[in-house]
Amino acid sequence: MIDLVDVHKAFGANTVLTGVNLTLRKGRSMVIIGGSGTGKSVLLKCVLGLVQPDRGAISVDGTDVTNLRQGTSERDAFLARFGMLFQGSALFDSLPVWQNVAFRLLRGSLKKPRAEARDIAIEKLRRVGLSSEVADLFPAELSGGMQKRVGLARAIATEPEIIFFDEPTTGLDPIMAGVINDLIRGIASEMGSTAMTITHDMSSVRAIADEVAMLHDGMIQWTGPASEMDSCGDPCVAQFIAGSAEGPIETVR
Amino acid sequence: MNVLAIIGRAVLAMLASIGRVTLFAVETVSHLGRPPYYPREFAQALVQIGYFSLPVVGLTTIFTGGALALQIYAGGARFSAEAVVPQIVAIGMVRELGPVLVGLMIAARVTSSIAAEIATMKVTEQIDALITLSTNPAKYLTLPRVLAATIVMPFLVGVGDIIGIMGGYLVGVERLGFNAGTYLRNTIDFLEPLDVVSSLTKAAVFGFLAALMGCYFGMRSGRGAQGVGRATKGAVVAASVLILAANFVLTELFFSA
């Protein structure tokens with residue numbers, strides 16, 4: 001479904017991706033792991049076109065999407081297939097919760113009548129465990145965990161084929177992280193969505209992943225089923241799982 | 001050699017900045033003819049920039065008009081020209097002080113607010129979120145603000161001009177002993193349509209520049225609180241300087257002999 005071939009990206013002298021090759025199959029949940037600052041978010045943003053790769057190709061269902069121009073109908077159609085949960089939720093401060101969730105349903109090609117969009121937003125909020133009373137609050141009035149849930153509700157509001165999760169449990173306590181992990185797993189399964197998650201939280205990996213990819217030194221060091229992760233023999237994966245300071249991943253970056 | 005290199009780099013950097021701002025302005029204006037449009041955001045921007053700026057515009061211009069009347073009276077007394085207070089206050093407020101002071105106040109109040117808001121949105125990935133939600137930030141954030149500022153500024157300056165003249169009137173009548181009717185008649189008789197047209201044209205240009213700079217610096221903000229601070233400071237400085245430069249150019253265009 002999503003294929004990345006030899007993707008390179010540098011920001012000035014800072015080389016981030018040095019030839020990423022990765023395939024994500026339809027309906028599967030892939031988790032990309034790696035240390036902080038290894039380019040996991042950049043990789044996600046390259047797929048979405050938020051960051052332009054310097055080299056390489058990205059295709060979705062066989063269609064090259066590497067150079068889709070912003071504002072074109074092709075790019076709008078491409079983005080309409082995606083939902084994205086951002087690391088900090090990225091909720092719009094100036095809009096109440098329900099308008100955040102229904103953002104796509106209030107404008108553009110997926111526009112629906114306002115009352116219907118609100119009903120869908122409230123239904124999605126319920127799906128992520130939030131009551132309808134939250135709908136008229138503003139994001140600043142919510143806790144971090146509630147904001148994540150609202151971000152999740154926004155990501156699934158249009159029932160997209162593909163959902164990206166950027167560090168979904170960062171900054172949350174273990175209980176709330178578990179709740180978010182369960183929601184992600186449950187929603188992806190019931191919607192049949194293809195999911196790509198980036199995280200360095202191993203409990204998330206075990207809860208969410210069908211497949212795991214290890215990003216290190218700008219390349220995918222290992223990829224395989226989550227069930228084989230512990231016994232794969234890759235020194236980077238082993239060090240990451242163990243949380244050890246000893247190994248190929250440098251602790252001073 | 002090093003000095004030349006430094007000067008060269010500064011000139012190149014300045015030219016690059018001018019190019020980027022010009023492209024940003026052209027892209028913003030080009031969205032006028034390309035839907036979708038966001039009327040709700042435009043209406044909100046009209047209220048934020050126009051209605052909520054009225055108090056600061058009123059206070060700025062009434063005190064300036066009053067001070068101007070006192071200055072002209074005191075200065076005019078040196079060559080027995082105290083009687084021209086109504087005419088000079090009117091022409092000074094309408095041609096220059098009204099548009100420039102309102103423009104600078106809008107740069108302080110609106111440009112800073114726009115830059116800080118958009119820069120914060122950028123830092124917290126809200127701009128990226130907009131894009132993933134198939135919404136062009138230039139259409140959703142920039143165009144409504146720039147268009148609203150361009151449209152609403154002539155109204156603000158019109159109000160400012162009137163309040164400024166009234167400030168001069170109050171000082172002239174209550175403090176300097178002018179006859180109320182004569183003061184008003186002299187003001188109205190002296191002003192020409194070109195004075196008002198130039199004032200309102202300047203206002204529209206200043207509004208465009210003020211909002212454009214807020215959006216431009218906000219969109220180009222660096223990371224973190226420092227990035228937001230720099231974007232806000234840069235936007236206000238750039239808007240203020242551009243307003244003063246544009247004022248000179250427009251004055252030259254309207255009133256050069």
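## Helix H3 of chain B and what it packs against

In this predicted model, the buried residues of H3(B) pack against H4 and H6 of chain B. A residue counts as buried if 20 or more other C-beta atoms lie within 10 Å of its own, as exposed if 12 or fewer do, and as partly exposed in between, with C-beta atoms placed from the backbone. Helices here are DSSP runs of H or I with at least four residues, strands are runs of E with at least two, and both are numbered from the N terminus. The buried residues of H3(B) include B:Val57, B:Thr60, B:Thr61 and B:Thr64. Further along, B:Gly65, B:Gly66, B:Leu68, B:Ala69, B:Ile72 and B:Tyr73 are also among them.

How far apart are the end C-alpha atoms of H3(B)? They are 32 Å apart, which agrees with the 33 Å that the 23 residues (54-76) should span at 1.5 Å a residue. The expected span is 1.5 Å times one less than the number of residues.

## Reading the model

Residues are numbered from 1 along each chain as its sequence is written, while chains are lettered from A and ligands numbered from 1 in the order in which they are written. Because this is a predicted model, local features need pLDDT of at least 70 and side-chain atom pairs count only at pLDDT 80 or more, while totals for chains, interfaces and linings use all residues.

## Chain B as a whole

Chain B has 9 helices and 0 strands, and its pattern along the sequence reads α-α-α-α-α-α-α-α-α. Its C-alpha trace spans about 65 × 55 × 35 Å along its principal axes. Of the 257 residues in chain B, 45% are buried.

Two residues are in contact if their C-beta atoms, placed from the backbone, lie within 7 Å. Among the contacts in chain B with a separation of 6 or more, 86% are between residues 24 or more positions apart.

Two packed helices are described by the angle between their axes and the distance between the axes. Axes are lines fitted to C-alpha atoms, for helices over the stretch in contact, and angles run from 0 to 180 degrees between N-to-C directions. H4(B), residues 85-123, and H6(B), residues 137-175, pack at about 145 degrees with their axes 7 Å apart. H4(B) passes H6(B) in a right-handed crossing; a crossing is right-handed if the near helix is turned clockwise from the far one by less than a right angle, and left-handed if anticlockwise. Their contact has 19 nonpolar, 5 polar and 2 charged residues. Here Ala, Val, Leu, Ile, Met, Phe, Trp, Tyr, Cys and Pro count as nonpolar, Asp, Glu, Lys and Arg as charged, and the others, Gly among them, as polar.

The axes of H6(B) and H7(B) come within 10 Å and cross at roughly 145 degrees. B:Ile165, B:Tyr169, B:Gly172 and B:Val173 of H6(B) meet B:Ala180, B:Tyr183, B:Leu184 and B:Thr187 of H7(B). Take a look at B:Tyr183, which sits in H7 (residues 180-190). Is B:Tyr183 buried or exposed? It counts as buried, because it has 23 C-beta neighbours inside 10 Å. Leaving aside neighbours within four places in sequence, B:Tyr183 is in contact with B:Pro86, B:Tyr169, B:Gly172, B:Val173 and B:Phe178.

## The pair H8 and H9 of chain B

H8(B), residues 193-219, and H9(B), residues 224-255, have axes that come within 9 Å and cross at roughly 155 degrees. The two are therefore roughly antiparallel; angles over 145 degrees get that name, those under 35 are roughly parallel, 65 to 115 roughly perpendicular, and the rest oblique. Their contact has 16 nonpolar, 6 polar and 1 charged residues.

B:Val237 lies in H9(B). With 14 C-beta neighbours inside 10 Å, B:Val237 counts as partly exposed.

H5(A), residues 144-156, has 13 residues and reaches 19 Å from its first C-alpha to its last, close to the expected 18 Å. Of these residues, 11 are buried, so H5(A) is largely enclosed by the rest of the structure. What covers its buried residues includes E6, H3, H4, E7 and H6 of chain A.

The contact between the chains takes 17 residues from chain A and 12 residues from chain B. On the side of chain A that touches chain B, H2 (73-79) and E6 (82-85) are the elements that give two or more residues.
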